[in-house]
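These are my notebook entries on one protein model, written down in the order in which I looked things up.

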Amino acid sequence: MSGFYYFQCMEKEFDIVLGKIYLLYYKAKISLGEAHLMQTPKGYLEKFDIDVPFKCDLDILDYLVRRRTRSYNQLSHKCWILFVLEITKILSYRESFGIGKLYNKILYGNIDADIKLDCFKPILQLIDNKCRTGIVNKLMFLRDKHYAHTDAEVEQITSRLFPTYNELWDMMFVVEQFLKDIYAQKDADVDFGINRHFDRYLREYRRTYEYFKTIQDPIEKMILRSHFNNEKSQAYFESQE
């Protein structure tokens, strides 16, 4: 094998690994967005300054999705697990498509890539933080312990270590900036937008919002009125699209 062909193969391997890292990140970002949107619509929509495509009281919509529609909670939990499983594949030195592993391969000449290694530093700082409260450590714990076992002791421990959505999005934007920096060095543009994937959920939220507005069940109406003041709940029941 000639030297030129050998380096071509190593550079191709870099592109394959980088593409897989991007795909895993993008899938993880969608899963996190879905989990966040279905667990607290108001939190997600306000964080990313997204307008609801129908007239609604966002506090009431948030309550109906979180507290009165069990299917959304179940789907949010499934999306959360998918997020953890996907993102931990790239925040690693050991996984096949771990960013840490890719860094070491480039550093020691096992992969040829015309990339400045400084862009890896923020990611390596995340991975190298072995503090129990470190965000990556929390995710690894959830992956290795919580989703492999169901005993009460593990359930109790994870409830204390569970990262917040703000922590998670801060971490995700560090990873995203890393990918942007690397692709910029390759003069390539990549897509990181995910909100277009959530249009169907907003359509479902509209149906949910309208359903509870016209529901005839007096218990459901009483529950809503007990959660919000009379003026707010009455305005909801009397509102028209």
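This is a predicted model: local features need pLDDT of at least 70, side-chain atom pairs count only at pLDDT 80 or more; totals for chains, interfaces and linings use all residues.

**Entry 1: the whole chain**

I started with contacts, and I noted that, among those in the protein chain with a separation of 6 or more, 75% are between residues 24 or more positions apart. Going through the secondary structure, I found 12 helices and 0 strands in the protein chain, and the pattern along the sequence reads α-α-α-α-α-α-α-α-α-α-α-α. I then looked up burial, and buried residues make up 42% of the 241 residues in the protein chain.

**Entry 2: valine 17 in helix α1**

I looked up valine 17, which is found in helix α1, residues 3-39. Is valine 17 buried or exposed? Its relative accessible area is 8%, and since buried means under 20%, valine 17 counts as buried. Leaving aside neighbours within four places in sequence, I found valine 17 in contact with Phe97 and Leu102. Phenylalanine 97 is 80 residues away from valine 17 along the chain, yet the C-alpha atoms of the two are separated by 6.1 Å.

**Entry 3: salt bridges**

I kept one general idea in mind here, namely that side chains of opposite charge can pair when their charged atoms come close. How many salt bridges does the count come to? I wrote down 18 salt bridges, and I followed up several of them.

Lysine 42 pairs with aspartate 59, and the closest N and O atoms of this salt bridge are 2.4 Å apart. Lysine 42 lies in helix α2 (residues 41-47) and aspartate 59 in helix α3, so this pair ties together parts that are 17 residues apart in sequence. Both partners came up as partly exposed when I checked them, lysine 42 with a relative accessible area of 25% and aspartate 59 with one of 30%.

Arginine 66 forms a salt bridge with aspartate 62, where the closest N and O atoms are 2.5 Å apart. These two residues are 4 residues apart in helix α3, and this separates them by about one helical turn. I noted that aspartate 62 is buried, at a relative accessible area of 7%, whereas arginine 66, at 28% relative accessibility, counts as partly exposed.

I also looked at aspartate 118, which forms a salt bridge with lysine 121, the closest N and O atoms being 3.7 Å apart. Aspartate 118 counts as exposed, with 54% relative accessibility. Finally, I traced salt bridges that share partners, and they join Lys42, Asp57, Asp59 and Lys232 into one network.

**Entry 4: helix α9**

Helix α9 covers residues 165-185, which is 21 residues, and I noted that the helix reaches 30 Å from its first C-alpha to its last, close to the 30 Å expected at 1.5 Å a residue. Its buried residues include Leu168, Trp169, Met172, Val175, Phe178, Leu179 and Ile182, and Glu176 is also among them. Just after α9, I found that aspartate 187 takes a positive phi of about 55°.

**Entry 5: threonine 208 in helix α10**

I placed threonine 208 in helix α10, and with a relative accessible area of 10% threonine 208 is buried. Setting aside its neighbours within four places in sequence, I listed its contacts as Leu64, Thr69 and Tyr72.

**Entry 6: helix α12**

Which residues of helix α12 (residues 230-238) are buried? I found Ser233, Tyr236 and Phe237. Seen down the axis of α12, these buried residues fall within an arc of 95°, so they line one face of the helix.

I then asked what the buried residues of α12 pack against, and the helices I found were α3 (58-67), α10 (199-214) and α11 (218-227). My last entry concerns the start of α12, where a side-chain oxygen of asparagine 229 reaches to within 3.2 Å of the backbone nitrogen of glutamate 231.

Note on methods: Residues are numbered from 1 along each chain as its sequence is written. Side-chain values use heavy atoms; hydrogens and water are left out. Buried means under 20% relative accessible area, exposed over 50%, partly exposed in between (1.4 Å probe, protein chains only). The arc is that of the directions from the helix axis to the C-beta atoms. Contact means heavy atoms within 4.5 Å. A polar contact is a pair of N or O atoms within 3.5 Å; within protein, one must be able to donate a hydrogen and the other to accept it, and residues adjacent in sequence count only if both atoms are side-chain atoms. A salt bridge is a side-chain nitrogen of Lys or Arg within 4 Å of a carboxyl oxygen of Asp or Glu. The expected span of a helix is 1.5 Å times one less than its number of residues.
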